[in-house]
Amino acid sequence: MLSDQLQDIFMAVLQIIDVIPKVGKHRHPLWWCCLTHVPFDFSIVLSEVDYPIDSKDYWNEKSINTMETLISALLFLVSIQAALGAVSKVRAPVDEFEALAKSEHRECTAIYTVNLEPGLTVQGNDIGMLPAQGVDTTITPDDPEWENFRPWTEGNPHRTFGENNERQPFRDNPSRQARAEDMNSVTALTEVDATPLGFQRDTLRMYHAVCVHVRGVYSRWVEIMAESLQPDQQICVRDWDRPDLAENVLQETCGNGNLYMCRDSTNNVKSDGTFEDKMSVKFYCQDSCDDPDFEFYWRIVASQEKPMRVRNPDTNREYWQQPDGENWCAHRKGDDFPSSLLKPYPVNYQEPVIFASTESASSTSIPSRFVLVMSVIFALAQVAGNF
């Protein structure tokens, strides 16, 4: 999904190469989906081209050159967007009134599709959704955790995962860095469009939710985290867009200030033995919602442990399979919320000594006074005894 800025660039490219009058949204859905909030699988670009082969109006030399230019431009723009992450907007954030006017999912003021990717790993044993700005998540072939990504390393033994995102975004922008330091913060938290530790920033509106489709999960376990910008603000997460069945009940977790949930995906097993990929959740406020609208961060990642090579007895085909992730949650940090990027004290802060023992005149005089008083009492007792 292209961002608003990239959409403007793409429109300009289309106008320059004079492709809009020749194509139109009904003749060629490729460019139209990129200009609207509709998910699009770019791997089917060539199969989606529906020009009639015998049409001289479309299959002439100019049209072929136009298509080559169009596809090149799309590849360039999609590559830029891929660097921004794997979160696409199905419904761009709107207010609660506009959400109520929608024909479906009226409780959602925003709807996203998250496609989890190994290159966006956060802790080396997961597949993530956005660049983890503020930290270095690079996994090289020398790291033991590199074996977790075995399916993606075949044929490319030098591939790395994650990225060094320390001091990102605007790592090379002194003014932005200085502004963050003046606030005793980091740019990953001071910049509105930043993705600290791979979190997305959103607004929760009263009686509404931020809804997310998660793809690429299948049988994996997932870690769901959220943190509000307001202290102790309640946040909840719950399964969404599926029925509440006795054999597969909807799961829910709430927290004040932040929430943490680590669980299986609850995706069903299909008839061929493989898992569905239809996990969806929504974030909302259930009780003690003091503010009608409040901002919060959310992140969803899935387990990615060292896979096993298994064989399908029916087809005799080998494939990689993730192990049961039941113990995966125990190997997660569980506390890497965006606020963890803040240092507890400013740089060069001298921590005060609280329980140090010091010697003073009063402290040294207390024992001597005690001895003097006891001596007087003892002497008086002796005198009284003589009488």
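Let us start with Glu181, which counts as partly exposed at 47% relative accessibility (buried means under 20% relative accessible area, exposed over 50%, partly exposed in between, with a 1.4 Å probe and protein chains only). The model is predicted: local features need pLDDT of at least 70, side-chain atom pairs count only at pLDDT 80 or more, and totals for chains, interfaces and linings use all residues. Residues are numbered from 1 along each chain as its sequence is written, and side-chain values use heavy atoms, leaving out hydrogens and water.

The side chain of Glu181 meets that of Arg167 in a salt bridge (4.0 Å, N to O), meaning a side-chain nitrogen of Lys or Arg within 4 Å of a carboxyl oxygen of Asp or Glu. Glu181 lies in helix α7 (residues 174-182) and Arg167 in the loop between β3 (126-127) and α7, so the pair ties together parts 14 residues apart in sequence. Helices (H or I, at least four residues) and strands (E, at least two) are DSSP runs, numbered from the N terminus. Arg167 is also partly exposed, at 44%.

The structure holds 15 salt bridges. Another one joins Asp239 and Arg242 (2.9 Å, N to O); here Asp239 is buried, at 3%, while Arg242 is partly exposed, at 22%.

Now follow the chain to His213, in strand β5 (residues 209-215). With 12% relative accessibility, His213 counts as buried. Beyond its neighbours within four places in sequence, its contacts (heavy atoms within 4.5 Å) include Tyr112, Trp240 and Met279.

Stepping back, the protein has nine helices and 13 strands, and buried residues make up 39% of its 387 residues.
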